[in-house]
Amino acid sequence: MSRNLVYVAPFPKETTLRFARALAGLQDVRLLGVFQEAPQGEARALFHDAEVVANATDPQQVADAVRRLAARHGPVHRLLGILEDLQVQLAQVRELLGVEGPDVATASAFRDKAHMKDRLRAAGLPCARHMLLRGDAEAWSFADQVGYPLVLKPPSGAGCRATYRVSSPQELHRVLAEIRPGPTRLVLAEEFLVGAEHSFETLTIGGRVVFSSTTRYYPSPLEVMENDWIQWAVVLPRDVSGPEYQGVPALGRDAVAALGLRTGMTHMEWFRRPDGSLAIGEIAARPPGARIVDVTGLGHVDAQGRSVDLYRAWARAVVDEAFDGPWTRRYAVGVAFLRGQGQGRITAVEGLDEAQRKMGALVVDAKLPQVGWMRSESYEGEGTVIVRHEDTEVVKRAIFELITTVKVRYER
Ligand SMILES: Nc1ncnc2c1ncn2[C@@H]1O[C@H](COP(=O)(O)OP(=O)(O)O)[C@@H](O)[C@H]1O
Ligand SMILES: [Mg+2]
C-alpha cells in the first residue's frame with residue numbers, strides 16, 4: 001500500500017525539488033504536490049498528482065487542496081515542506097486534518113524568535129536578551145537596559161530580511177523612523193551577540209538526535225548583508241573535537257528538546273563569544289539553506305565509504321522515522337557564495353580560469369553565475385562553488401583563494 005505524502009512548495013525551484021526527489025525515492029510512497037506555480041517537465045513527473053492554489057502559504061487554501069488530494073487518493077501519511085515561511089501553516093493543516101508531524105505549538109516555538117528565546121531561556125540555555133517592541137518607547141527602554149549595539153528584526157524573519165544592527169542612539173532614531181514598530185507591527189529587539197557565528201544541524205527522530213553536524217560562517221550573514229563586497233563562505237570543519245566546538249552538541253540537543261520537536265531536521269545558529277561562552281542565535285525545525293545540506297552530506301561517508309545523501313536522510317527521517325547511519329566525518333567541505341559589488345545584471349564573471357587552475361582539483365560542485373542574470377538581493381549571491389579535502393586548512397585556503405580570484409561584474 002502506497003503512503004500518500006503531500007509536499008507543499010509555492011514556487012518549486014531546484015533546491016526545493018531535491019527534497020521532493022528524495023521523498024519520491026522512498027519505498028511505498030505516492031508523492032502529491034501543492035503549488036502556487038506547478039513545476040514543469042521532469043520535475044512535474046515526480047508528482048503523482050498535484051493541486052495548484054492561489055496562495056500556497058494560506059493554511060485554508062492548503063487544507064482545501066490537501067482535502068481534494070485525499071478525496072482522490074486516500075488518507076495523507078505526511079504533510080511536508082521545507083520553507084521557513086510555511087512551517088506554522090503546515091502544522092495548522094496537520095492539526096486540522098489529523099496528520100502526524102509537528103503541531104502548531106512546536107512549529108510556533110521554532111518560528112517565533114521571541115517565543116523561541118523565552119523557551120530556551122526557561123530551559124537554562126544561553127541566548128541573546130530580547131524584547132518584543134510595540135512602539136518606540138519600548139525600544140528606548142530596551143536600549144537603556146542592554147546598551148549598544150543591538151539588533152532589530154522581524155519576530156519571524158528569514159534570510160536576514162529587515163535585520164538591522166543599531167550601534168548608537170542616532171542610529172536607533174533613524175531605524176525606528178524607518179521600521180516604525182507598533183501594536184500590529186511588532187519588532188524584535190535583541191542584545192547583540194559578539195563572536196564567531198556557526199550552524200549546528202540535527203536529524204532528530206522520536207525525540208532523539210540520531211545525527212548532528214556543525215559548520216562555521218565566514219563572516220556572519222549580517223556582516224555580509226552590511227558589506228556588498230563580501231562574498232560569504234561556510235566551512236564544515238573535518239575535526240570538531242577541539243575546544244571551539246566543545247559543548248555544542250549538548251547545547252543543540254537541549255535546544256531541540258526545549259522546543260519539543262519529536263522528528264525532523266533542525267538548523268541552529270550559534271555563537272562562540274570571545275570569553276568562550278556559547279549562545280544560541282536561533283533554531284529552525286527544517287533543513288538548512290545555504291547549501292548546508294549538500295555540504296554536510298559531502299563531509300560524511302557511510303559504512304561503504306560513499307558520500308551521504310542528506311536529502312534522502314531527511315526524507316527517511318520525516319516519513320519512515322528511520323536513520324541509515326551512523327556515518328563518519330571524513331572530509332572538510334567549504335562553499336563560497338559568488339557575488340560582486342554593484343547593481344543590475346551580470347556582465348562578466350572573471351577569474352574562473354585562474355580559479356580552475358589553482359583549485360579545480362578540490363571542486364566537487366559548482367553552480368556558476370551566468371551573464372545576464374540579475375544581481376540577487378540575498379547574501380547568498382548568484383552562484384556557489386563547493387570544495388572538499390581531508391584537511392580543513394586546505395579547504396579554508398581554497399575558499400579564500402576562490403573569493404579573492406573570482407569577480408562578478410554587473411551593469412545597470
Ligand atoms: N542578537 C544578535 N546578535 C548578533 N547578530 C545577530 C543577532 N540577531 C541576528 N543577528 C545576525 O543577523 C543574522 C540573521 O538573523 P537571524 O536571527 O538568524 O534571522 P534569519 O536568519 O531568520 O533572518 C544572523 O545570522 C546574525 O548574523
Ligand atoms: Mg538565521
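Mentor: Quick ground rule first: helices (H or I, at least four residues) and strands (E, at least two) are DSSP runs, numbered from the N terminus. This is a predicted model, where local features need pLDDT of at least 70, side-chain atom pairs count only at pLDDT 80 or more, and totals for chains, interfaces and linings use all residues. Residues are numbered from 1 along each chain as its sequence is written, chains are lettered from A and ligands numbered from 1 in the order in which they are written, and side-chain values use heavy atoms, leaving out hydrogens and water.

Trainee: Which elements each supply at least two residues of the shell around ligand 1?

Mentor: β6 (150-153), β8 (187-191), α9 (221-226) and β12 (264-272).

Trainee: Why does ligand 1 lie between domain 2 (129-191) and domain 3 (196-411)?

Mentor: Because both give residues to its shell; the domain bounds come from an automatic or database domain assignment.

Trainee: What makes E190 a polar contact of ligand 1?

Mentor: The cut-off is a pair of N or O atoms within 3.5 Å. A polar side-chain atom of E190 lies 2.7 Å from a nitrogen atom of ligand 1, so the pair qualifies. A backbone N or O atom of G157 also makes it, at 3.3 Å from a ligand 1 oxygen atom.

Trainee: How do you know that R388 sits over the ring of Y331?

Mentor: For Arg, CZ must be within 6 Å of the ring centre and within 35 degrees of the ring normal. R388 lies over the face of Y331, at 4.0 Å from the ring centre. The charged end of R375 sits over the ring of Y410 too, 5.3 Å from its centre.

Definitions and conventions
A polar contact is a pair of N or O atoms within 3.5 Å; within protein, one must be able to donate a hydrogen and the other to accept it, and residues adjacent in sequence count only if both atoms are side-chain atoms.
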